Number of protein chains: 2
Amino acid sequence: MATIDDVAKLAGVSKGTVSSVFSKKRPISQEVTERVLSVAKELGYFPNHVARSLAIKKTMIAGLKMPLSKDGRMSAFETQMISGVIKECSAHGYRLLLDTLPEHDDPTQFSLDPVDGVIMLNPRKDDPRIARLQQMGIPLVLVGRPDPLDDAVSFVDNNNTEAAYQVGEYLLKLGHRSVLFLNASSDMTVALDRKRGLADAYLQQGLVLAEEQILHYSRKLYASQIDYGYRSMMNTYGKMNYTAVITDTDRAAVGVLRAAREMGIAVPDRLSVIALSNDATLAQETTPRLTSVELSADKLGAEAARLLVEKMARPEVVKQTIIDAALVFRESCKSI
Amino acid sequence: MATIDDVAKLAGVSKGTVSSVFSKKRPISQEVTERVLSVAKELGYFPNHVARSLAIKKTMIAGLKMPLSKDGRMSAFETQMISGVIKECSAHGYRLLLDTLPEHDDPTQFSLDPVDGVIMLNPRKDDPRIARLQQMGIPLVLVGRPDPLDDAVSFVDNNNTEAAYQVGEYLLKLGHRSVLFLNASSDMTVALDRKRGLADAYLQQGLVLAEEQILHYSRKLYASQIDYGYRSMMNTYGKMNYTAVITDTDRAAVGVLRAAREMGIAVPDRLSVIALSNDATLAQETTPRLTSVELSADKLGAEAARLLVEKMARPEVVKQTIIDAALVFRESCKSI
DNA sequence: CTGAAAGCGCTTACAG
DNA sequence: CTGAAAGCGCTTACAG
């Protein structure tokens with residue numbers, strides 16, 4: 001590859017001049033501009049982004065740290081969150097560095113990445129990466145809240161507890177007392193939040209949530225979310241006692257609906273189904289259409305990116321944003 | 001941020017030594033290593049990835065060029081392809097730079113990106129970016145074939161024409177003559193390929209495919225793929241004459257199934273439905289389960305990444321890979 | 001095992 | 001409007 005030196009030499013100018021022709025940071029006469037451009041074209045010269053980044057200490061790249069699960073596949077949540085992040089970054093002229101590489105524990109392997117800021121998905125408890133990024137002085141926004149809470153770090157999160165509370169309150173109002181809750185994987189903080197919210201709704205009515213009717217997703221046990229819903233229904237209906245089922249994703253609800261159809265259980269007449277939704281287009285298109293709480297991952301992603309762009313401009317600001325999710329009433333729930 | 005110089009000075013060694021402690025490229029005595037590491041920790045030093053990349057001319061980053069549609073959302077295809085690319089890149093220690101920024105036509109804006117290779121989705125006809133990347137000497141793999149074909153460029157593609165041919169052949173064998181084809185958006189080369197394959201199957205039997213029964217997806221007209229399937233059925237059933245419908249995605253098929261249910265049309269007894277599938281988990285979980293051709297976008301992405309990794313090691317090799325998709329028989333088709 | 005110095009390809013005050 | 005030179009933070013022969 002030709003470098004700025006080659007161009008400067010052949011065009012008979014200094015490299016400062018060539019630099020200015022490309023960056024337009026200072027005016028260059030039309031004659032010289034044309035000469036430089038034509039030499040550049042002849043030589044197949046393109047400015048080297050890495051060299052430029054080193055000189056100006058800016059890459060116009062945002063980093064997204066997102067650990068990949070063991071099987072290497074992305075979940076629907078991750079997928080949609082990325083979609084939201086990209087859309088927003090792109091609108092602000094940033095590109096996105098997707099970093100799914102596992103962390104080493106070798107302190108020698110950390111490096112100051114080629115990014116101007118970082119979005120980090122699902123930080124772990126006492127996540128050491130948070131302190132490290134702050135030490136490096138890299139603007140950071142979390143998706144999901146830090147544990148323990150820390151008002152020096154910006155994040156966006158859903159109101160998971162509140163959303164689950166609303167679901168519980170609604171089902172109780174409809175007269176349901178016994179529910180099957182197909183919760184998220186038990187190692188996720190959202191699973192805890194949701195369980196807590198639901199339990200709170202019960203307590204509010206002086207009732208207590210039956211813990212044994214809460215199931216947890218597991219990648220080992222189920223082939224997919226749909227499978228999780230389908231087989232959980234098949235395995236428990238008739239054995240356990242419930243008049244409503246709450247699912248953690250729309251896809252699990254699709255599985256539940258299918259199982260119900262196959263067993264001849266009318267929804268919502270004999271069974272109510274309600275989803276914590278991450279895919280609004282799917283929830284609207286099942287039969288019957290799903291009553292759900294819409295937690296859109298892409299909104300989380302877009303908002304995180306917005307905060308990050310702001311923080312890259314003004315590193316000192318901290319914002320902690322809770323994205324509200326509210327119940328959307330459709331046709332899959334009924335009072336008993 | 002502390003630099004390598006700061007560490008070298010405070011530890012009383014040269015920067016070459018500090019460099020070696022972190023890169024492990026030459027042996028450093030245990031004593032010196034410990035001293036350097038402790039000073040680095042004290043100063044909060046982390047090697048600068050950009051500076052390192054400039055020196056070694058390598059970033060360990062793969063680029064993915066993928067134009068974003070007007071509304072900024074990613075399609076299911078894009079989403080899944082990314083998933084495949086990430087999985088494979090990650091397995092080889094590469095990170096992924098997602099580049100959705102639109103192209104300028106200002107020649108001054110092109111730059112030699114901070115990547116070791118590029119995967120480009122859906123190249124346009126006579127795409128100027130291809131020549132430019134080759135000129136820069138950056139390893140390139142296309143997803144979708146170049147137009148015109150060029151045996152100097154590596155790509156992966158589905159056998160779209162063949163897949164559509166198989167669908168046509170199968171439906172004709174079942175006795176269907178008149179079909180509704182919910183094709184992809186008309187500006188995509190896959191839409192042409194698929195139409196051609198289907199038409200070929202008809203010709204093979206001395207029949208001719210009714211062009212007016214081919215519909216095209218449009219982002220303007222439909223809110224989603226499911227909506228596309230649903231409304232197309234609703235608008236045409238009874239008016240047009242067909243005994244089978246072919247959809248371009250699983251989601252469109254979900255919409256078709258829903259419309260059929262609402263209109264009381266039994267599938268597959270009165271209507272056969274077959275999908276060109278990009279989401280196998282969904283196709284298996286509808287009622288009835290969808291007969292489909294499985295074109296998995298994630299396989300395309302993973303294979304593209306595999307080719308790129310190979311090409312970054314040996315830039316001179318060119319591979320053009322067609323990923324076969326074959327019919328999977330489930331329960332949504334029947335002979336008449 | 002370690003150091004001094006040149007080099008990677010840009011940008012940017014400073015001077016004219 | 002343009003040039004000469006120092007600087008961005010690393011790596012890597014070369015020499016010892």
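I bear in mind that the model is a predicted one. Turning to the backbone of Met60(B), I read a phi near 60 degrees, which is a positive value in a residue other than glycine. I then placed Met60(B) along chain B, where it lies in the loop between helix H4 (49–56) and strand E1 (61–65).

My next entry concerns Asn122(B), whose phi is near 45 degrees, again positive although the residue is not a glycine. I traced Asn122(B) to the loop of chain B that runs between strand E3 (117–121) and helix H6 (128–136). Its relative accessible area came out at 39%, so I recorded Asn122(B) as partly exposed.

I then went through the peptide bonds. Which residues does a cis peptide bond join in chain A? I found that the bond joins Asp147(A) and Pro148(A), with omega at about 0 degrees. I located Pro148(A) in the loop between strand E4 (140–143) and strand E5 (154–158) of chain A.

For chain B I noted a cis peptide bond between Asp147(B) and Pro148(B), where omega is about 5 degrees. Pro148(B) I placed in the loop that separates strand E4 (140–143) from strand E5 (154–158) in chain B.

Notes: Residues numbered from 1 in each chain as written. Chains lettered and ligands numbered in written order. Predicted model: local features only at pLDDT ≥ 70, side-chain atom pairs only at ≥ 80, totals over all residues. Heavy atoms only, no water. Helix = DSSP H or I, 4+ residues; strand = E, 2+ residues; numbered from the N terminus. Buried < 20%, exposed > 50% of the residue type's maximum accessible area, 1.4 Å probe, protein only.
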